[in-house]
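Trainee: I would like to learn how to read ligand contacts, cavities and backbone angles in a model. Please start with the contacts.

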Amino acid sequence: MILVTGGAGFIGGNFVLDWLRCNDEPVINLDALTYAGNLESLASIKDDPRHIFVHGDICDRALVDRLLAEHKPRAIVHFAAESHVDRSIHGPGDFVRTNVEGTFTLLEAARAYWTTLEGAAKEAFRFHHVSTDEVYGSLGPNDPAFTETDTYEPNSPYSASKAASDHLVRAWHHTYGLPVTTSNCSNNYGPYHFPEKLIPLMITNALAGKPLPVYGDGQQIRDWLYVTDHCSAIRTILEKGQVGEVYNVGGWNEKPNIEIVHVLCTLLDELKPDVAGSYSRLITYVTDRPGHDRRYAIDARKIERDLGWRPAETFETGIRKTVEWYLANQEWVANVQSGAYRQWLETNYEAR
Ligand code: NAD
Ligand code: TYD
């Protein structure tokens with residue numbers, strides 16, 4: 001079996017669902033169920049004996065040790081993190097704790113466990129660390145896309161904490177020989193995405209007739225990847241990736257934020273027309289995010305060349321599926337919009 005951390009979040013949840021669709025290997029899912037963790041996303045596997053959910057913190061060394069000793073996983077896939085840049089600006093402490101200390105705790109537990117393994121089990125063991133393109137910093141308009149050998153220049157508390165975790169993972173391989181792989185992926189989108197991030201926030205605000213808050217001039221560029229393509233990239237790395245290697249994962253899909261918002265409005269106009277007129281009437285420019293990175297772009301040639309991975313979805317197919325999913329799953333959205341989430345909206349948007 002494999003141990004997944006953060007498997008009740010957006011990407012981890014999609015990964016667990018996809019994993020069990022693709023094969024019968026059981027998954028232990030360790031998740032602290034922060035505001036971003038949601039067991040409703042895993043409702044379809046609630047009674048599936050291949051899924052063992054453990055409510056707990058990756059910083060809890062005794063718990064991680066116990067899970068490893070009891071279940072003897074052949075791999076750890078580490079998603080658990082604080083993941084939202086705006087939240088990291090308002091409260092960086094949680095990011096250092098989970099992303100840095102939590103990764104450190106997992107690495108130490110994995111190292112102790114791996115040391116006890118022998119022969120083929122020791123040879124096969126993998127620790128896969130899920131990271132982000134944001135560690136490379138911000139690109140100028142004509143810079144080439146990020147490659148695996150680019151220097152780290154993280155600019156936000158979020159990306160700095162992820163960069164720190166990447167460095168720990170690298171060091172645990174170089175110093176202790178722990179068999180690690182790392183992926184640095186671009187912005188994901190798709191089902192079960194918490195509506196604090198750009199795409200689900202715009203869809204849910206539009207449907208509620210609320211303003212669509214575009215930061216600054218809306219010309220910041222992100223490189224969008226449909227979430228199940230990220231999941232397939234991680235499965236490919238687990239299966240064929242070289243120990244100690246880093247793989248950049250992206251969709252070759254650079255788009256300015258304002259274009260994304262217009263695409264969403266057009267799709268909603270088609271799929272759920274509003275009598276008041278096009279949803280684009282709700283677009284509202286607001287004060288920019290401090291230190292806002294201008295452009296991210298991933299050069300995903302290494303994973304294609306070495307491991308044969310390419311995304312299956314285009315932006316057009318992925319974004320349509322995403323809007324359709326949100327329209328069909330309004331109850332999921334309503335249920336994550338708890339009191340705590342409403343308070344976040346006030347903290348982030350009231351003063352803009
Ligand atoms: P998310 O915020 O949706 O989910 C994070 C999950 O981790 C939640 O279920 C939460 O409960 C859990 N968690 C948080 N702290 C924990 C702790 N201390 N112990 C155990 N569980 C804890 O995040 P996501 O968007 O699914 O991102 C998953 C991973 O992928 C992160 O490592 C992130 O840095 C990385 N990543 C995300 C994107 C993206 O576009 N979302 C892109 C590239 C990489
Ligand atoms: P986000 O989804 O928070 O991802 P990240 O900051 O990790 O790339 O934001 C994506 C882009 O959208 C980013 O440039 C910030 C911008 N954005 C807005 O313009 N308005 C919003 O309300 C949000 C949440 C993001």
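Mentor: A polar contact is a pair of N or O atoms within 3.5 Å; within protein, one must be able to donate a hydrogen and the other to accept it, and residues adjacent in sequence count only if both atoms are side-chain atoms. Here a polar backbone atom of Pro213 is 2.7 Å from a nitrogen atom of ligand 2. This is a predicted model, where local features need pLDDT of at least 70 and side-chain atom pairs count only at pLDDT 80 or more, while totals for chains, interfaces and linings use all residues. Residues are numbered from 1 along each chain as its sequence is written, chains are lettered from A and ligands numbered from 1 in the order in which they are written, and side-chain values use heavy atoms, with hydrogens and water left out.

Trainee: Which polar side-chain atom lies 2.5 Å from an oxygen atom of ligand 2?

Mentor: One belongs to Arg289. The side chain of Glu134 also has an N or O atom 2.5 Å from an oxygen atom of ligand 2. The protein covers 98% of the 510 Å² of accessible area that ligand 2 has on its own (Shrake-Rupley method, 1.4 Å probe; for residues, only the protein chains shown count as cover).

Trainee: How many residues surround ligand 2?

Mentor: A residue is near a molecule if one of its heavy atoms lies within 4 Å of it. For ligand 2 there are 18, and His292 and Tyr349 are among the closest. The strand β8 (212-215) gives the most to this shell, three residues (strands are DSSP runs of E, at least two residues, and helices of H or I, at least four, numbered from the N terminus).

Trainee: How is empty space found?

Mentor: Rolling a probe the size of a water molecule over the atoms shows where empty space is left. A cavity is a set of points, on a 1 Å grid over the protein atoms alone, where a 1.4 Å probe fits but cannot get out; lining residues have an atom within 4 Å of a point. Grid points are joined across faces, edges and corners, and a volume is the space filled by probe spheres set on the points. The whole structure has one cavity of 30 Å³ or more. Its lining includes Tyr189, Trp224 and Phe315.

Trainee: Where is Trp252 found?

Mentor: Trp252 is in the loop between β11 (246-249) and β12 (254-256). Its phi is positive, about 55°, although Trp252 is not a glycine. Trp252 is partly exposed, at 42% relative accessible area (buried is under 20%, exposed over 50%, partly exposed in between; 1.4 Å probe, protein chains only).

Terms used
On a 1 Å grid over the protein atoms alone, a cavity is a set of points where a 1.4 Å probe fits but cannot get out, and a pocket is an open set with protein on both sides within 12 Å along at least five of seven lines; lining residues have an atom within 4 Å of a point.
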